[in-house]
Amino acid sequence: MKQKQPGVSLVGLIMLVISAAIGAGIYNASAQLAAVSTPGPALVAWLIVGIGIFGLTWSFKSLNETQPELNGMVEYAQTGFGNFAGFLSGWGYWLSSWVGSVAFATMMMSAIGYFIPSFRSGNSLGAVLTASAISWALTLLVINGIELATSINVIITILKLIPLVAFILLGIVMFKAGVFTAHFWANFTTNFRYYPATASGIFTQIKGCIITMMWVFVGIEGATMMTDRARKRSDASKATIIGFLALLTLNVVISMLPYGYLTQAQLAHVSNPALTYVVQDMMGPVGGALVSISLIITITGAWLSWTMLPVEATTQMAEKGLLPRWFGVMNRKNSPAHSLWMTQILLQLFLISLLFSTQAYNFAISLCTAAIVVCYSLVAAFQVQVGWHRHSVGLMLPGLVAFVFEITGIVLAGVQYLWLCTIAYVLGFVFYIRAVHEQGRKLTRREMILMGLITLAAIVAVVAVITGRLALS
């Protein structure tokens, strides 16, 4: 009998990509888009985001094939641009992943709120306590073995795809072309009035869609981050491309179909999670209940994935001397227990802060997306560098597309959140400096200058928050 090869399978990697990226976002995207855009500009925004994320996805695939000695975003940044860039990439990824889990917690509690009304806000005391218990349970699961957690994740991902496909079929049956095209290009304002389309008005609508659309693709790098644990290295490339195509199709179809059932003004006023209440309107309370159950399963899978992924980054950073060795200590189940415990404690503190926030979900997804833009931009820049050194326009092109998209997207849609991220980076500098000392080296002049500039930006950000010039929502 042929012995099973150890490691994560291709199916496991594909499911990890899909599960990591399909979380709360796909269930709420239609209402978030309707609040800022009519169908036409939203579709143009999907086209732009699709091209940009495809460039990023192809960069992951290309680097996995052309740089087989490197594993994941941390090593790409470190190899291409030095130790400090590797730290910025890894720390940003770690920050993005666990802050994203806060968004999952908030939306899961809102889904439970369909059955327990006191949970509907997502940040009541009961909701925060329940979310905390789930978070600790997932951390304990991962501590007992990454490969066990990935196997469970495959089952969860299959379960959560079934109702999404069912909604697509239902949405097609209930679709009304007249509703969808009634104000296809019209300029839309927050008081739900429509005006004749202008170039500037359409651009404003497209801009408003970007941060929501970027959020639903966070997690696309899941297979790349698990390359070291894959049965075959080539599986990581395949999983990334297959995962991207599946995610793009699902997100576009599911976010746009409700535009053909409810008017834009109605859709923009739907409660969170939007898909639950759209289906409730279509099928009654039973439909809403089924979607709520589906959402709970979906977020469980995504949350599990995002419990595994951030500690892969901190483990790689510890191995490469970008964080103290303490972060890379493995337990007998080959899981980075120290990193998991520290991440969970910080996540717990953030969950407690939800009690005092009215915009927890929007803030979490925006901060998460802004943090990971740093990582994605460095991947894209490294792809351009590899293509330049090999004199290959074909290699440079996907990296260039992804780099321009990531930078432009965050500048247009959420630069204030990138500014807030500098505060978290300054906290990470303490660990980076400790790692430098462990390596027996000194900070370079460039590292000190960059750390100084980021620290200055963080100080200004803190002042801006205190004075109310920078809003946390």
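How many disulfides does a search of the whole structure find? The search finds 0. Keep in mind as you explore that this is a predicted model. The protein has 19 helices and 2 strands, and buried residues make up 59% of its 473 residues.

**The overall picture**

**Helix H14**

- Helix H14 covers residues 285-319, which makes 35 residues.
- At 1.5 Å a residue, H14 should span 51 Å, and its end C-alpha atoms are 52 Å apart, so the two values agree.
- Of those 35 residues, 27 are buried, so H14 is largely enclosed by the rest of the structure.
- After H14 comes Gly 321, which has a positive phi near 75°.

- Leu 125, Leu 129, Ile 345, Leu 349, Ile 352 and Leu 355 together make a nonpolar surface patch of about 560 Å².
- Two helices, H6 (125-143) and H15 (337-353), each supply at least two residues of this patch.
- Helix H15 gives the most, with 3 residues.
- Leu 129 belongs to helix H6, and this leucine counts as exposed because its relative accessible area is 53%, which is over the 50% cut-off.

- Most residues other than glycine have a negative phi.
- His 391 is not a glycine, yet its phi is positive, at about 55°.
- You can find His 391 in the loop between helix H16 (360-389) and helix H17 (393-413).
- With a relative accessible area of 75%, His 391 is exposed.

**Salt bridges**

- A search of the whole structure finds 5 salt bridges.
- One of them pairs Glu 65 with Lys 61, whose closest N and O atoms are 2.9 Å apart.
- Both Glu 65 and Lys 61 lie in helix H3 (residues 39-66), 4 residues apart, or about one turn of the helix.
- An α-helix has 3.6 residues a turn, so residues three or four places apart point the same way.
- Glu 65 is partly exposed at 46% relative accessibility, whereas Lys 61 is buried at 18%.
- Another salt bridge joins the side chains of Lys 320 and Glu 75, at 3.8 Å from N to O.
- This pair links distant parts of the chain, 245 residues apart: Lys 320 is in the loop between H14 and H15, while Glu 75 is in helix H4 (residues 72-81).
- Lys 320 counts as partly exposed at 37% relative accessibility, but Glu 75 counts as buried at 6%.
- The side chains of Arg 434 and Glu 438 meet in a salt bridge as well, at 3.9 Å from N to O.
- Arg 434 and Glu 438 both sit in helix H18 (residues 415-438), 4 residues apart, about one turn of the helix.
- Arg 434 is partly exposed at 49% relative accessibility, and Glu 438 is partly exposed at 24%.
- Arg 325 joins Arg 434 and Glu 438 in a network of salt bridges.

Definitions and conventions: Residues numbered from 1 in each chain as written. Predicted model: local features only at pLDDT ≥ 70, side-chain atom pairs only at ≥ 80, totals over all residues. Heavy atoms only, no water. Buried < 20%, exposed > 50% of the residue type's maximum accessible area, 1.4 Å probe, protein only. Patch = residues over 30% accessible without salt bridge, like charges linked within 9 Å, V, L, I, M, F, W, Y side chains within 5 Å. Areas by Shrake-Rupley, 256 points an atom, 1.4 Å probe, with all protein chains shown as cover. Salt bridge = Lys/Arg side-chain N within 4 Å of Asp/Glu carboxyl O. Expected span 1.5 Å × (residues − 1). Disulfide = S-S within 2.5 Å.
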